[in-house]
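Here is a short briefing on one protein chain. Look at the sequence and the fold first, then work through the points by topic.

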Amino acid sequence: MNIHSFLASGNQQNNRYKFVSNSTVYTNEHEKNGKGGSALGDDYLRSCALNSARQGDYSEAIALLTELITRRPQNSLDYNNRGLIYFQSGEMPKALGDYNTALQLNPNLASAYNNRANYHAACEEFAAALADYDHAIDLNPSYVRARINRGITLRDLAQYEEAIENFEVAMLFGQLEGHIWAERGRTYHLWGDWNCAIADYRRALTQLPGLDRQKDMSGYRLRLQIENWLNELLFPDNLD
């Protein structure tokens, strides 16, 4: 499988599969917590779990989300979030179990389909991945992350023309343009159209944070990856 960057619905960074994102499901898909309890207390735990995950303390993040699930066993978002962290910590079966539970509780949770699709793609179960990306997009046609991930998976299948068309549709929504240009450029690169690849890489670099601005870590990492890809094309004699 080619090295690439799946876009998760959260903004945690995976050590095995590179994830990038500019938003998080902890705050952008709110659900009712049900009867009783303190919503503020639940939100505080979610915030602590997110901070722990960002710092790489996956055990603490999982413990906090498990506490939330104990409090609110019908909240699909907490299962989805815990699944993300299980995935990032390499506990793949547990991640899949949480994604499935989230979707049983809320079959319309587009981010859970995207995350489960990322799981399938990482396992090279590409047909299942594409089916889940398609379902996420059906539920939310402007879900650009799922569209980008769908394009990456098509590229892994060497369906380059369809992947390019997919990225061009994603571009229409005016979101994550730097990421889209980067992934479209990589697709042209692997397809053998190096001029288009270089043009897209350079466009992507204009949209991503500079090397002195590491607050957006996903964009920063993608910038470093693009520079490596550009070096492959522009300076092949320098490669080992």
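A residue is called buried under 20% relative accessible area, exposed over 50%, and partly exposed in between, using a 1.4 Å probe and protein chains only. By that rule, buried residues make up 53% of the 240 residues in the chain. This is a predicted model: local features need pLDDT of at least 70, side-chain atom pairs count only at pLDDT 80 or more, and totals for chains, interfaces and linings use all residues. Residues are numbered from 1 along each chain as its sequence is written, and side-chain values use heavy atoms, with hydrogens and water left out.

**Overall layout**

- The chain has twelve helices and two strands. Helices (H or I, at least four residues) and strands (E, at least two) are DSSP runs, numbered from the N terminus.
- From the N terminus, the order is β-β-α-α-α-α-α-α-α-α-α-α-α-α.
- Contact means heavy atoms within 4.5 Å. Among contacts between residues at least 6 apart in sequence, 54% join residues at least 24 apart.

**Helices α6 and α7**

- The axes of α6 (residues 110–122) and α7 (residues 126–139) come within 8 Å and cross at roughly 165°. Axes are lines fitted to C-alpha atoms, for helices over the stretch in contact, and angles run from 0 to 180 degrees between N-to-C directions.
- That makes α6 roughly antiparallel to α7. Angles under 35 degrees count as roughly parallel, over 145 as roughly antiparallel, 65 to 115 as roughly perpendicular and the rest as oblique.
- The residues of this contact divide into ten nonpolar, four polar and two charged. Here Ala, Val, Leu, Ile, Met, Phe, Trp, Tyr, Cys and Pro count as nonpolar, Asp, Glu, Lys and Arg as charged, and the others, Gly among them, as polar.
- On the α6 side, the residues include Tyr-113, Asn-114 and Ala-117. On the α7 side, they include Phe-126, Tyr-133 and Leu-139.

**Helices α8 and α9**

- α8 (residues 144–156) and α9 (residues 160–171) pack at an angle of about 165°, with their axes 8 Å apart.
- These two helices are therefore roughly antiparallel to each other.
- Their contact has nine nonpolar, two polar and four charged residues.
- Among the residues that meet are Ile-148 and Ile-152 in α8, and Tyr-160 and Phe-167 in α9.

- α10 (residues 177–191) has 15 residues and reaches 21 Å from its first C-alpha to its last, close to the 21 Å expected at 1.5 Å a residue. The expected span is 1.5 Å times one less than the number of residues.
- Twelve of the 15 residues of α10 are buried. Among them are Trp-181, Arg-184 and Tyr-188.
- Gly-192 follows α10, and its phi is positive, near 100°.
- α12 (residues 217–234) has 18 residues and reaches 25 Å from first C-alpha to last, close to the 26 Å expected.
- The buried residues of α12 include Tyr-220, Trp-229 and Leu-233.

- Asp-200 lies in helix α11 (residues 194–207). Asp-200 is buried, with a relative accessible area of 1%.
- Leaving aside neighbours within four places in sequence, Asp-200 is in contact with Trp-181, Arg-184, Gly-185 and Tyr-188.
- Asn-108 sits in the loop between α5 (92–105) and α6. At 55% relative accessibility, Asn-108 counts as exposed.
- The C-alpha atoms of Asn-108 and Asn-140 are separated by 9.3 Å, although these residues are 32 apart along the chain.
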